[in-house]
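Please go through the points below with the model open beside them. They cover a helix and its sheet, the domains and the ligand shell.

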Amino acid sequence: MNHLDPARHVRGESQYLDDIPVQHGTLYAAVVESAVAHGQLLRLDVAAALEQPGVVHILTAQDIPGENQIGGIVPDEPLLAEGHVHFRGQPVALVLAESEHAAQAALRHVRVEVAPLPVLVDPRQAAAQGELIVPPRTFRLGDAEAAWAGCAHVFEGVAESGGQEHLYIETQGAYAFPTEMGGVRIISSTQGPTAVQRHTARVLGVGMHQVEVDVTRLGGGFGGKEDQATPWGALAALGAFVARRPVKLVLDRMADMRMTGKRHPYSSDFKIGLDENLTIVAYEATFFQNAGAAADLSPAVLERTLFHATNTYFIPNVTATAYSCRTNLPPNTAFRGFGVPQGMFVIESAIACAAERLGVAASEIQRRNLLREGDLFPYRQPTEGCHAEQAWDTAAALYDLPGLRREVEEFNAAHRLQKKGLAVMPICFGISFTKTAMNQARALVHIYTDGSVGVSTGAVEMGQGVNTKIAQVAARTLGISVGRIKVESTNTTRVANTSPSAASATADLNGKATELACRALRERLLRLAATELQLDYEGLHIEDEQVLAAGKPADTNWEKLVSAAYWQRISLSENAHYATPDLHFNPETNQGYPFAYHVYGTALTTVRVDCLRGTYEVEAVRIAHDFGQSLNPAVDRGQIEGGAVQGIGWMTLEELVYNEEGRLLSNSLNSYKIPDLYSAPKVLDVHFLDTPGHPRAVLRSKAVGEPPLMYGIGTYFALRDAIRAFRPDTPLPFSAPMTPEKVLLNLYPDAPSTLHAWTSPAQ
Ligand code: LUZ
Ligand code: MOS
């Protein structure tokens, strides 16, 4: 079955926030932002701007009826700046005008006077000054300190990875309407409707029941709208609440890039110890996370880095420590992988470092240390249904890893200015919100008297195909065709207290809730069928020919059954709750059973580098991936392809550059490049591993959202492999992204220093 939406998308029929017909009386909002990354707010003068044609209101922190606070994990983020500004692009005031043009035009008439304070952009510098968002965390297994002495080889190094702009096609925005009795209704482009509801209620000083949030779909989220859709929803709601008129707020692309947080850049130290047989005996990593100016989700991202610090390897002695460092960049936030890619980049760097120094292939070390059944992760959860070796061995055999290696070597021997490189990237990703309480969801299912079905859950459709999967789960459980099912918008008054659509867990959590609701309805209808049709209830399934498909088409019987239920006053609605069983985690000891299950896979990447120009091509990414029993192979394949390419972008082209004043220089699509058709891999193969799936996955179909992004890390190491074929003896720093400029500088380390000064200052 195909994804339900794309045909409507390409015909332009799908309605995104900015497509909603504008209601009469709507005001347009524009955000006054700080032009300084850090300073004391001396004066905010809106008088001249208020005089501008079409301007109706200008709201500042003083106009907030409730609390000026939108921080989630830590209450450290005002909706509108008050007293100080902490990053460039921080919202300071909100202009409301009769037209978009009038609102934008008024911005430059607002006087914001700031006394500048020192600006921090470097996480290590922030840590040295004690600027930490939360106290550091350490995950430990065994005793790394004691293990070094027994290691045959010990290597140390530094690894740096840059940030990443989400670049959802639909920018951030919200449309808010005042409702009767002093409430608001917000249409929001958010992954977390409940977060928008909760923070808006706090800002307005009303109960959450006065705030309704509705989401039809997003034009992409990637984590960028997990927490950071909230300010725009709350600002639009504040406008609607104060002006008693609808307020629409949509960021243009450059404002979105300037004002919103991104993937966290990390700077990390590693130390790795191996024995004579290349078994990894000990690993130590220290992560400095560039959190930006407020906590946002940084502590949770930091924790997930620690959970995945050893990727898919068993290492008996591990010490991993992480610092969340407060700088004057926009608060960095969730981005597909949520700290895991950053952590995996460091362990893979450590392994590459050891391999290069020992003169062996990194794959020798990787393969030897893969997780096996029953091995412990540093947080003490054992692997159950471990497919690390199966994924590696299947990829190696299917795609002929030795043959690929030979091909690369032969090519490199035959070419002086063209070099190929190869890398293997095995992954293991834990599925569940690491905050155990968030692993819950609800579904509200109505069967209408004509047999059609409406399903509401907390899942937000953002292109990933979750609505398609929910429809499939409902159809399969009820034993009817997908055509009878409509997945409704995500709405806080229909399904309350939702977790954001995030952590790759959305289809599992909301799909399981849907399954429970549909199963309850099915049971009820089957009981009725048993009495109506005089059949034994025990062992009866709705798919049974006798019950539903006796007279073709089966749907006729479904309609009869539903109608009979209505006339017998049997409820045709069900509200089900699902909470992932068995999860627990103690954040004091950093031990427990935090994940429902793990997803495994392995990617083989080959690249070709032009050693004169520094340009390169990703020739092929060949993946063996653990889908379990895929509910929808078309949707799932798309997730793997998209995730891999997004990961390749992070590792290669996408370079965020802030200057020392905290100003984003890569501030548009002229200067920030993501993979396009030409830079995407020429070959992208995805093999579905034969694995049973997991009972905690929806219909045994494993989560696919985030894991594939990490395959992109292989491209970095393949490029390194190619560069080393050109310059075998020069040590290369572990620094991502590997832009063509950086490839060139790595190829010619003796080039003039003016060339080398051309690196990003704030990573
Ligand atoms: N969000 C969150 C996430 O709040 N907790 C998580 O563990 C998580 N993981 C991935 C993506 N978003
Ligand atoms: Mo996400 S990074 O699962 O919003």
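1. Helices (H or I, at least four residues) and strands (E, at least two) are DSSP runs, numbered from the N terminus. Axes are lines fitted to C-alpha atoms, for helices over the stretch in contact, with angles from 0 to 180 degrees between N-to-C directions. Contact means that the C-beta atoms of two residues, placed from the backbone, lie within 7 Å. The model is predicted: local features need pLDDT of at least 70 and side-chain atom pairs pLDDT 80 or more, while totals for chains, interfaces and linings use all residues. Residues are numbered from 1 along each chain as its sequence is written, and chains are lettered from A and ligands numbered from 1 in the order in which they are written.

2. Helix α6 (residues 193-204) lies across β10 (183-188), β11 (211-215) and β20. Its angle to β11 is about 155°.

3. These strands belong to an open, mixed sheet of eight, ordered β3-β5-β1-β12-β9-β10-β11-β20. Strands pair if DSSP finds at least two bridges between them. β3 (55-59) and β20 (490-491) each have a single partner strand, so one side of each lacks a neighbour in the sheet.

4. β3 pairs antiparallel with β5 (residues 91-97) over four bridges. His 57 has Leu 96 of β5 as its bridge partner.

5. An automatic or database assignment sets the domain bounds: domain 1 is 6-118 + 166-259, domain 2 is 266-433 + 591-756 and domain 3 is 440-579. The C-alpha centres of domain 2 and domain 3 are 40 Å apart. Each of these two domains gives 16 residues to their contact.

6. Residues surrounding ligand 1 (C-beta, placed from the backbone, within 6 Å) include Glu 226, Arg 304 and Lys 435.
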